Amino acid sequence: MDRVAAVPDVRRRRADRARQVADLLRRQIVDGQVARGQLPLEAALAREFGVSRNTVREALDLLRDEGLVERCPGVGTTVAAEKYPHGLHRLLGLAERRATATGLRELVEVLPATPELGAALSERLASADAVVRATGLDVLRALRLGGRQTFGAGLGDADRRVRIEAIRGLVSLDESDLVAAAAGDPSREVRVWVARGLGLIGKPSGALAVLAADGDPLVRAAALESSGTVGQPMEAEAVRGLKDADWQVRVGAARCLGAADRSTAVGPLVAALSDANLDVRKASVLALTPWAASPEVGAALRSVLTDTDADVRAYARRALADLES
């Protein structure tokens with residue numbers, strides 16, 4: 001019985017190793033490191049990667065299924081004939097597969113940011129597979145090949161993963177108006193990205209006030225924090241937020257108050273140093289640090305030098321040490 005049970009484990013381990021080998025070979029192929037388009041023999045690959053020949057065969061089968069290689073009896077394994085330069089067709093001109101999308105994300109740093117690549121990626125945005133659409137937007141953003149119209153259209157996608165990539169693309173372009181327009185998205189994850197994105201852009205937006213009143217605590221937390229980041233902290237909301245039942249909101253409120261007026265922020269932040277949640281206490285210490293020279297704040301920071309959490313103590317020590325340097 002034990003031997004029978006061990007068989008699936010052995011197969012799983014071999015499959016995992018095969019995927020790892022396939023990843024390494026995929027990178028070599030797309031980087032143009034395969035001499036004359038001919039891969040070494042299976043035995044040589046097995047020695048190179050320290051795996052069995054069966055594992056190598058499985059890896060090559062994966063690459064064949066992706067369209068990256070062709071396996072010919074009597075010839076060996078060759079790189080598929082190119083359609084686009086730099087091996088782009090191997091990732092873009094294939095049947096739309098999740099494995100291909102994953103490979104494209106991993107190889108984005110070596111892909112050339114050319115108009116041809118931008119056009120090929122834009123074609124993939126019409127794919128029936130949401131993973132492919134999301135990957136297309138992600139790579140367009142990373143290579144700075146996408147524009148306002150392309151990412152804006154992604155906000156209407158039925159899949160939240162695609163809409164998130166659209167938000168990230170718009171943030172990279174500082175398109176705060178389109179990002180803010182997605183504040184009413186039905187997906188919590190998207191609304192969190194909207195709030196964070198507005199903070200990254202750094203422009204004040206009325207959408208943050210809407211998001212700060214959201215029914216989801218993660219959205220409220222992100223909105224409060226971002227309001228401080230853009231230089232318009234929602235002080236009243238943050239003071240109330242420090243008493244919220246959800247610790248994430250309390251963290252966002254503390255970070256928001258770090259950008260607020262000292263007369264408004266210090267009292268609530270000092271009180272938050274005794275919060276039951278360590279992340280709230282850490283955020284409060286960091287928010288109070290710029291005012292450490294104040295007798296009230298200095299005394300409060302010294303009081304947490306015995307906190308049960310090491311990070312809280314370390315942040316407080318650092319804040320107090322900066323006063324002496």
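Does Ala212 count as buried or exposed? Ala212 counts as buried because its relative accessibility is 15%, where buried means under 20% relative accessible area, exposed over 50% and partly exposed in between (1.4 Å probe, protein chains only). The model is predicted, so local features need pLDDT of at least 70 and side-chain atom pairs count only at pLDDT 80 or more, while totals for chains, interfaces and linings use all residues. Residues are numbered from 1 along each chain as its sequence is written, and side-chain values use heavy atoms, with hydrogens and water left out.

**First stop: Ala212**

Select Ala212, which is found in helix H12 (residues 207-212). Helices (H or I, at least four residues) and strands (E, at least two) are DSSP runs, numbered from the N terminus. Apart from residues up to four places away in sequence, Ala212 touches Arg220, Ala223, Leu224 and Met234; contact means heavy atoms within 4.5 Å.

**Second stop: the whole chain**

Zoom out to the protein chain, which has 19 helices and two strands. Of its 325 residues, 48% are buried.

**Third stop: the nonpolar cores**

A nonpolar core is a set of buried Ala, Val, Leu, Ile, Met, Phe, Trp, Tyr and Cys residues joined through side-chain atoms within 4.5 Å. Select Ile167, Val179, Val194 and Leu269, which touch the most other members among the 67 residues of the largest nonpolar core. A second, separate core has 18 residues, including Ile29, Leu39, Ala46 and Val69.

Select Glu165 in helix H9 (residues 160-172). Glu165 is buried because its relative accessible area is 9%. The side chains of Glu165 and Arg168 are joined by a polar contact of 3.1 Å. A polar contact is a pair of N or O atoms within 3.5 Å; within protein, one must be able to donate a hydrogen and the other to accept it, and residues adjacent in sequence count only if both atoms are side-chain atoms.

Continue to Asp174, in the loop between H9 and helix H10 (176-181). Asp174 is not a glycine, although its phi is positive, at about 60°.

Why is H17 largely enclosed by the rest of the structure? Eight of the eleven residues of H17 are buried, so the rest of the structure largely encloses this helix. The buried residues of H17 pack against H15, helix H16 (262-272), helix H18 (295-303) and helix H19 (310-324). At the start of H17, display Asn277: one of its side-chain oxygens reaches to within 2.8 Å of the backbone nitrogen of Asp279.

**Last stop: the largest pocket**

The largest pocket has a volume of about 300 Å³. On a 1 Å grid over the protein atoms alone, a pocket is an open set of points where a 1.4 Å probe fits, with protein on both sides within 12 Å along at least five of seven lines; lining residues have an atom within 4 Å of a point. Grid points are joined across faces, edges and corners, and a volume is the space filled by probe spheres set on the points. Select Glu225, Gln248, Val251, Gly252 and Arg255, the closest to the pocket's centre of the 15 residues that line it. H15 supplies the largest share of the lining, five residues.
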